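Reader: Please take a close look at one residue for me. Then set that residue in the context of its chain and of the pair.

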Protein chains: 2
Amino acid sequence: MDIGKQSISDWFKSLQADICRGLEKVDGKENFLSDEWQRDEGGGGISTIIQNGTVFEKGGVNFSAVSGSLSIPALKSLNLDSLLSGSNKSEFDFFATGISIVIHPLNPMVPIIHMNLRYFELDENVSWFGGGIDLTPIYIVEKDAAFFHRELKHICDKHDPDYHKTFKNWADDYFFIKHRTETRGIGGIFFDRLSESENKSLEDIFKFVKDVGNGFIPIYSTIVINNKSTSFNDYHKKFQALRRSRYVEFNLMYDRGTKFGLETNGRVESILMSMPPVAQWEYNYQPAPNSAEAKTIELLKKGIEWHSLP
Amino acid sequence: MDIGKQSISDWFKSLQADICRGLEKVDGKENFLSDEWQRDEGGGGISTIIQNGTVFEKGGVNFSAVSGSLSIPALKSLNLDSLLSGSNKSEFDFFATGISIVIHPLNPMVPIIHMNLRYFELDENVSWFGGGIDLTPIYIVEKDAAFFHRELKHICDKHDPDYHKTFKNWADDYFFIKHRTETRGIGGIFFDRLSESENKSLEDIFKFVKDVGNGFIPIYSTIVINNKSTSFNDYHKKFQALRRSRYVEFNLMYDRGTKFGLETNGRVESILMSMPPVAQWEYNYQPAPNSAEAKTIELLKKGIEWHSLP
């Protein structure tokens, strides 16, 4: 089977359509609006956006396939320069395709979700897959957290006995808001630069990436349906807005996809579709002791074995 | 006159008290809350915060004086490594003191203001002043914009005929949201690494810094009083929230003070007091053609000679 650029980007595009249909079904009201865009330097994408839905307050499912050249300083700023040691070229061709999703539900009892899956090529030397999926509950419901992580473990275990442990820990480290010393949410899996190795072909890795992508709707739909009818009031909405500000801080300060997109002159509105509809900052906010808010914040740390919870 | 560390930081501290009193007088209701904090590695500061005032929805006036050591990688990440070429040390002592202000008014007709004044020493080799003041109107009122820039020009001109042109252009470049290709607001002045030179002593520079600092209350009070009684509604508040999100993007992605603070293990709540109370993101927001909103956005560009407007 040929798994060239085109077939990979075609698959990401079809996944985008499937996920939009799946989310529309759960939302019941709002359809996604679709914006197709071209990038001057090469390639383009399709941004699909939901706003003011019944269940989803704001969200986006982006597909893109872009190509162009990267200079040495650009490679350095993206931490890619080590790949090309020995080369005396000053510009390198790249190709990047993938799908990126962030969904901000209206109801604070329904978690924010993010998934990104991507394929990257640099010159003819380098090709890899990367990705991640992580859940950010405003109020953690332990049985949903356990379900989320168990499902991801199940997908990982089908492909490699080491994947889940490695990728779960990687997510803990990646989705971490350093200056707050707290994780963004309950994590999930994260992986990067998965390339051909002795015991894995690029095709094997693509199969894993497909299983993660196809898992998105069944997993997230279940969690949304479990919680979308839970009642909430202004007090919960305020806490949601305060937590969404941490999501903003992570995405603008640490997220590599945001950085890569902006550095490579990507489409700003597509990249920043990850921003919440509303965020709130309050000086030195502290939740009341033993409150539901305090309980969630206490659980925003690395190393919790969520999949082992009952 | 001795202008050692202590006298400089004492002056910044007294300026903080003066500015808080001045802002309280304009607000009429809310007093500043004051938090004194220590930094484990050395030094500390006083954060004074206003929230839910009559005029000021959220704001902070921070004073700090911190010291410690910076490693070569830390110096590199702060773009300070070039200063120490030739040295074979791996750690350098630093001292930094200053005042930092961001005020988010409730009424969208009153501009956001920011001022930062700072003094920095590295080992015994390097000492300089830096700073800046810039105005971010949600709705630009041209006569206030002209007044703001004329007052800054007046202060600059008292000290050096080149200051205003240089520092105004520097502000245009610094307070620029690269990925949006728009300025944060109407700019002001920005200067950095002003050290002793042939025709300026460090004392001369300190005098200039003092004049800028002492100008804050008279200048900003005038602008606040001109606009605080202008009526507004939810429509204007929404536009304010959308514009505040650009302020968030600038501060988290580009602001050097934020970066320096977080890299040197500063107090997070004091550094991020600059965040607005509420911010809103809407996918691909476009103002109505010829609206007041469109007019303001059109003016968010470099090179406008605001001080020459009538």
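Author: Helices (H or I, at least four residues) and strands (E, at least two) are DSSP runs, numbered from the N terminus. By that count chain A has nine helices and ten strands. This is a predicted model: local features need pLDDT of at least 70, side-chain atom pairs count only at pLDDT 80 or more, and totals for chains, interfaces and linings use all residues. Residues are numbered from 1 along each chain as its sequence is written, while chains are lettered from A and ligands numbered from 1 in the order in which they are written.

Now the residue. Val126(B) sits in strand E6 (residues 126–136) of chain B. Buried means 20 or more other C-beta atoms within 10 Å of a residue's own, exposed means 12 or fewer, and partly exposed lies in between, with C-beta atoms placed from the backbone. Val126(B) is partly exposed because it has 15 C-beta neighbours inside 10 Å. Contact requires C-beta atoms, placed from the backbone, within 7 Å. Leaving out residues up to four places away in sequence, Val126(B) touches Leu83(B) and Glu121(B). Glu196(B) is 70 residues from Val126(B) along the chain, and their C-alpha atoms are 9.7 Å apart.

Next, chain A. Of its 310 residues, 43% count as buried. Among its contacts between residues at least 6 apart in sequence, 70% join residues at least 24 apart.

Terms used
Contact = placed C-beta atoms within 7 Å.
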